[in-house]
Structures are given as structure tokens and as C-alpha cells.
Amino acid sequence: MKVLDKLLYRLYKSWTKRKLISQKVIIQVDGGICSQMHQYILGQVYADKGCKVRYDLSFYEEWGSDINQEFVRNFDLLKAFPYLTLKRPSDRAVKLYRDRFFYVGNFTDMRYEPDDFSFLQCTPPIYMGGYYVLPSEVWLPIFRRLFRITPGVLDAANEKLYREIEQTPETVAVHVRRGDLKAEVFAYGRPATIEYFRKSILFFGEKLNSPCFYFFSDEPHWVLQDMIPQLPDCYTYKVVDLNGSDKGYMDLFLIGRCQHQITSKGTLGKYGALLMDNPQKQVILCDDSTEYRWKSFYHNPVFF
């Protein structure tokens with residue numbers, strides 16, 4: 001660091017400590033579209049209290065991929081929801097806040113519902129890194145207030161498929177998360193099995209007259225070659241392969257447009273279900289402790 005930068009950093013540090021400059025809540029943003037939505041919600045919790053909130057996007061410059069460095073992660077929040085406003089901190093503020101005011105999230109294990117929400121009482125200056133599980137009664141109203149399927153976001157091919165789904169009766173989105181969650185990960189537990197998807201499809205086969213299943217996955221070729229042949233062959237299946245991990249937010253909207261959802265580990269299917277939630281919708285989740293906290297988010301959750 002240059003001498004001038006060091007001097008400015010020390011001054012900034014001193015001014016912040018003495019409250020001579022405005023103190024902020026800085027939220028670390030990382031991951032895919034759903035992580036970005038969750039972290040934006042966290043910031044809005046503090047913005048609603050009157051705090052000055054800034055979002056640190058340096059992850060997308062320094063890392064920009066999943067855990068295995070296999071699939072890209074871009075900052076897509078404002079592409080999906082262009083009506084949102086987001087302010088970034090200066091590089092100097094990020095360094096200072098990471099150094100002096102870093103706070104680690106309460107998210108350690110999705111198998112248990114955390115009961116420590118003391119971080120909600122934190123006041124600026126603070127840098128919020130990691131993941132924070134918010135109470136559903138706090139998180140869900142903000143989600144509904146902020147996020148909606150936005151006209152004009154989809155490209156021509158996705159818009160065409162969106163209209164097809166809209167005009168097709170009894171549509172079911174099936175989210176098959178692979179990538180860095182196709183093997184067991186401590187925080188998420190074991191991945192959803194083909195047997196789980198088979199039971200879920202049979203469930204809708206009994207509930208609906210003529211269901212059409214749209215599959216969304218970061219590995220669509222695996223779904224087509226390895227998974228579909230093991231599912232009941234009496235239904236209509238369509239594997240969506242329009243979007244790579246660089247356009248996951250378009251899959252999110254397509255999932256949301258389907259009438260029902262079969263989710264897997266990860267959040268794309270779950271967030272898609274919430275975008276157009278209604279009392280007629282049924283949402284299937286994996287029957288293990290990592291997923292139980294989602295029960296209060298939907299009108300009709302079903303666990304297999």
C-alpha cells in the first residue's frame with residue numbers, strides 16, 4: 001500500500017471510531033442469485049431501522065465461482081430485479097470494516113433452527129460476513145415486498161418458454177441441484193436422491209390430471225441421460241437447457257411461473273416457489289432436518 005493510502009486509511013479509521021463520518025452496515029454479498037437475494041434482504045432489515053447500508057461485491061471480482069470452481073457466479077441481482085437500489089462501499093471502507101468491525105453470521109448448520117438472533121441488535125459500524133438465518137416472520141414479508149417476476153428481464157428464448165409454461169395447465173417445476181451440492185455437504189446434508197424425485201413425481205401424478213414436469217438443473221445433461229430414464233415414463237418431461245449458471249436468474253423466473261415445485265438442496269427451487277406463492281400451490285421438499293425450517297414459508301409444503 002502506498003504511503004498516502006496508509007495515511008488515508010488511518011484517518012478513515014480514526015474518523016469512524018470518533019463518529020466524525022457516517023457509520024454504516026456493510027453486507028458481504030456472494031454466491032448465486034438466491035444468495036444475493038438473501039443478503040439483500042439482510043441489508044434491508046437494517047435499512048428499515050434507518051441504518052446506512054452498503055453492499056460489498058468484491059467476491060465477484062476475487063472469486064466469482066461455486067465452491068468447486070466449476071460453475072460461474074455473477075452478480076445478477078440487478079439484472080433480475082432492476083428496480084432495486086444498491087450502494088457499494090469504497091475499497092477503503094471495506095478494508096477498514098473487515099479489519100475492525102467484522103461479524104460472523106449465525107448460519108452454521110441448516111440441520112438446526114438457530115435460536116440466536118442477537119445479530120439483529122447490532123448497530124453500525126459493522127461488516128456482516130457469512131450467512132445469517134433470519135426469523136421467517138422477518139424474512140418472508142421483506143421477500144414478498146422486494147421480489148417479483150419482472151417483465152422485460154428474460155431474453156427471447158426464455159420469454160418464449162415462459163409463455164409456454166404460462167399457457168400449459170398443471171405445470172410442475174423440478175429443481176435438480178447438482179454442482180457443488182451433488183455430494184454431501186455438512187451445512188446442506190445429503191443431496192436429493194432419484195428416489196425422492198420419483199416419489200414426488202408420483203405424488204403429482206395422483207393429484208393432477210395431466211402434469212407436465214419442467215426440469216431445471218446446473219447439469220441438465222445428467223438429468224436427461226441419468227435421471228429421466230429412472231422416472232415413471234407415463235408423464236411429460238421437459239429438460240430446460242437454455243441457461244447456464246451465468247443466467248440462473250432466468251431459470252428462477254421460469255421455475256416461479258410453474259404452478260407447483262419440487263425442490264432439492266439449495267434455494268433456487270424454493271425461491272422460485274415463493275415468487276408466485278398461493279394457497280393452491282404445493283411445494284415438495286426433502287424430508288430431512290436441513291429443510292424443516294422451510295415449512296413455515298409455504299401454504300402447502302410436502303416432505304418426501
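Predicted model: local features only at pLDDT ≥ 70, side-chain atom pairs only at ≥ 80, totals over all residues.
Residues are numbered from 1 along each chain as its sequence is written, and side-chain values use heavy atoms, with hydrogens and water left out.

So where does Ser 264 sit? You'll find Ser 264 in the loop between strand S8 (260–262) and helix H11 (268–275); helices (H or I, at least four residues) and strands (E, at least two) are DSSP runs, numbered from the N terminus. With 1% relative accessibility, Ser 264 counts as buried (under 20% relative accessible area; exposed is over 50%, partly exposed in between, using a 1.4 Å probe and protein chains only). Leaving aside neighbours within four places in sequence, Ser 264 is in contact with residues including His 175, Arg 177, Phe 197 and Glu 291, where contact means heavy atoms within 4.5 Å.

Now for a pair of helices. H2 (residues 33–47) and H6 (residues 136–146) pack at an angle of about 105 degrees, their axes 10 Å apart. Axes here are lines fitted to C-alpha atoms, for helices over the stretch in contact, and angles run from 0 to 180 degrees between N-to-C directions. H2 and H6 are therefore roughly perpendicular to each other (65 to 115 degrees; under 35 is roughly parallel, over 145 roughly antiparallel, the rest oblique). Among the residues making this contact are Met 37 and Ile 41 of H2, plus Trp 139 and Phe 143 of H6.

Trp 139 and Phe 143 turn up again in one aromatic cluster, whose members also include Phe 81, Tyr 271 and Trp 294. Across the whole structure, a search finds 26 aromatic pairs; rings of Phe, Tyr and Trp (its six-membered ring) pair if their centres lie within 6.5 Å, and planes under 30 degrees apart count as stacked, over 60 as edge-to-face and the rest as tilted. Take Tyr 60 and Phe 75: their ring centres are 5.7 Å apart and their planes at 55 degrees, so this pair is tilted. Tyr 60 lies in helix H3 (residues 59–62) and Phe 75 in the loop between H3 and helix H4 (77–80), so the pair ties together parts 15 residues apart in sequence.

Phe 203 and Phe 304 form an edge-to-face pair, 5.6 Å centre to centre with 70 degrees between the planes. Phe 203 counts as buried at 14% relative accessibility, while Phe 304, at 32%, counts as partly exposed.
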